Amino acid sequence: MLCFQLLKVNKVEVSNNTEVIEKSFTPKTVPPGNHASYDLNIVMSEKEEFEVKAKVNVQNKSEDNWSDLVFYFIPNIFTKQTLDSLGQSSAHPGTVTIRTIEINGETVEFSLEQDTLKIDLNYELSPNSEVHVSFTYNLTLPDKGLRYTKNNGNYYLAQFYPMLATYRNKEWNKEDYRFKGETYHTNFSDFNVTYKLLNGYTLVSTSPNDPKEVKQIGTLQANNVKDFFVVILKEHFIIEKEVGNTNIRVFGFGDDKQLSQEVSEIASEAFMYFEKTIGPYPHNQLDIVLDGKSMEYPGVVTAYSIDDHAKLPPTLLKSTVVHEIAHQWFYGIISNDPYHEAWLDEGFAEFATGLYFYSKSNEGVPYSVLKEMVKGLDPLPVNLSLDQFEQNNQSSYIYGKSNVMLWKLFEKRGGIKEAEKFVKKYYDNYKFKEIDSEEFIRFTKYYFNLEDNSVFKDWLEVN
């Protein structure tokens, strides 16, 4: 996944004279080992069951021959059998019944353990070759699941389809599921989705061509997105606002119309700031659903609670919405592995959220307050894999320390204005590409003309 844009901003001094030399910078992004495109068909039944047919075109973009394919199949995590095996309990787990899996029209054997769905190929798939995989299965959603859930009569189909894992370093990059943090990683893909709903339900999705009126049958597309999210809603109201070329829709519930209007206002303002400061949002629609766990998806954010299903106070809800909108850039456009490099989207989303709020304030960036936030933390780097943190404090590093240390880069290097220029150059170089910590360090050293890694020693593990 190479980017050929050139960034020309750096200057160096030669001998005793100040001679300005423009040096070009070519990003070295993480190459894609595979590519997938998806055709998904969703049919909703009277029994709160969904029949899904998924066709996945898989391309081998690596230099290796493949003997198997590995998919995430997260619905299986929320079945009673899997939850019991993981020591989790649920009064109302989900169900999954896989009916068929075929490769190029022929039925194949597969294994499914937790969320790892593995298919052995009968032949080796050589580089630059492709294969067609078809799945047919039925599912019901759990109550109080994580992302993938049924909540208040609404259905959140997050990661509901077989998602092709990334292929890295001669193996499938598939880690065990964890209930805290994002444990799946996919490349940018194209989606074609058809659906059939029961009367009275509305579909909201990653697609920028969601129907503007209630439609029980439809077809959706989304191109070059990390994954495809669907939420099926029943009783709600919509507040819409045009911001540039994008229609921002807020889906509210119950009597919260005033709060939903306030969310619409701050979401529109933050969105406009991010587009101006970071770079263009690639779609003509952004949906905000004020229900469920606060999460980001391409083209959609949900915001209501954090971990305990309790409603967030209004001020925190609005700042959370801004954070989730920031993820449209840091995750949705600039990709990273959220299991091994979680700080690159969560830390940057927090950083961008701060940029928005501090840019509105006359008081500037509260560097002393930010530093106080991470006092007492163990001297762990923020770019560890999720399994290397204790679950009860991983957020302190991934969200907190990474954000504070990003701000520290600008404390004596131009403050907010320079930070805004930095994220713009960062976006220009890495949009629709994948970055890792090593490349972030390389870019930052170039941007600031740093001679060594000393500014990273307190927070990043450097290879």
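Biologist: Which element gives the largest share of the lining of the largest cavity?

Modeller: Happy to start there, and do keep in mind that this is a predicted model. The largest cavity has a volume of about 110 Å³ and is lined by 13 residues. Two elements, β9 (149-151) and β21, each give two or more residues to that lining. The largest share, 3 residues, comes from β9.

Biologist: Which residues lie nearest the centre of the largest cavity?

Modeller: By class, the lining of this cavity has 3 nonpolar, 6 polar and 4 charged residues. Of its 13 lining residues, those nearest the centre are Gly-145, Arg-147, Thr-149, Gly-292 and Lys-293.

Biologist: How many cavities of 30 Å³ or more are there, and how much space lies in the second largest cavity?

Modeller: Searching the whole structure turns up 4 cavities of 30 Å³ or more. Among the residues that line the second largest cavity are Arg-147, Glu-182, His-185 and Asp-345, and by class its lining has 3 nonpolar, 3 polar and 5 charged residues. The space in the second largest cavity is about 100 Å³.

Biologist: How many residues of the lining of the second largest pocket are charged?

Modeller: The lining draws at least two residues from each of β12 (166-168), β13 (171-173) and α8 (437-448). Split by class, the lining has 9 nonpolar residues, 10 polar ones and, for the charged class, 14.

Biologist: Now the helices, please. How far apart are the end C-alpha atoms of α3?

Modeller: Helix α3 covers residues 314-326, and at 1.5 Å a residue its 13 residues should span 18 Å.

Biologist: What covers the buried residues of α3?

Modeller: The buried residues of α3 include Leu-317, Val-321, His-323 and Ile-325. Also buried in α3 are Lys-318 and Glu-324. The cover over the buried residues includes α2 (257-277), β20 (285-289), β21 (295-297), β22 (300-302), α4 (343-360) and α6 (394-411).

Biologist: How many of the residues of α4 are buried?

Modeller: At 1.5 Å a residue, the 18 residues of α4 should span 26 Å, and its end C-alpha atoms are 25 Å apart, so the two values agree. This helix is mostly covered, and of its 18 residues the number buried is 14.

Biologist: Is Phe-351 buried or exposed, and which residues does it touch?

Modeller: Phe-351 is in helix α4, and it counts as buried because its relative accessibility is 0%. Its C-alpha atom is separated by 8.5 Å from that of Ser-402, which is 51 residues away along the chain. Leaving out residues up to four places away in sequence, Phe-351 touches Asn-403, Leu-406, Trp-407, Phe-410, Ala-419 and Val-423.

Biologist: Which residues have the most contacts inside the largest nonpolar core?

Modeller: That core has 76 residues, and the largest share of them, 9 residues, comes from α4. Apart from it lies another core, of 71 residues, including Ile-77 and Met-295. Inside the largest core, the residues with the most contacts are Phe-274 and Phe-440.

How values were computed: Residues numbered from 1 in each chain as written. Predicted model: local features only at pLDDT ≥ 70, side-chain atom pairs only at ≥ 80, totals over all residues. Heavy atoms only, no water. Helix = DSSP H or I, 4+ residues; strand = E, 2+ residues; numbered from the N terminus. Nonpolar A, V, L, I, M, F, W, Y, C, P; charged D, E, K, R; others polar. Expected span 1.5 Å × (residues − 1). Buried < 20%, exposed > 50% of the residue type's maximum accessible area, 1.4 Å probe, protein only. Contact = heavy atoms within 4.5 Å. Core = buried A, V, L, I, M, F, W, Y, C linked by side-chain atoms within 4.5 Å. 1 Å grid on protein atoms, 1.4 Å probe; cavity = no way out; pocket = protein on both sides within 12 Å on 5 of 7 lines; lining within 4 Å. Points joined across faces, edges and corners; volume = space filled by probe spheres on them.
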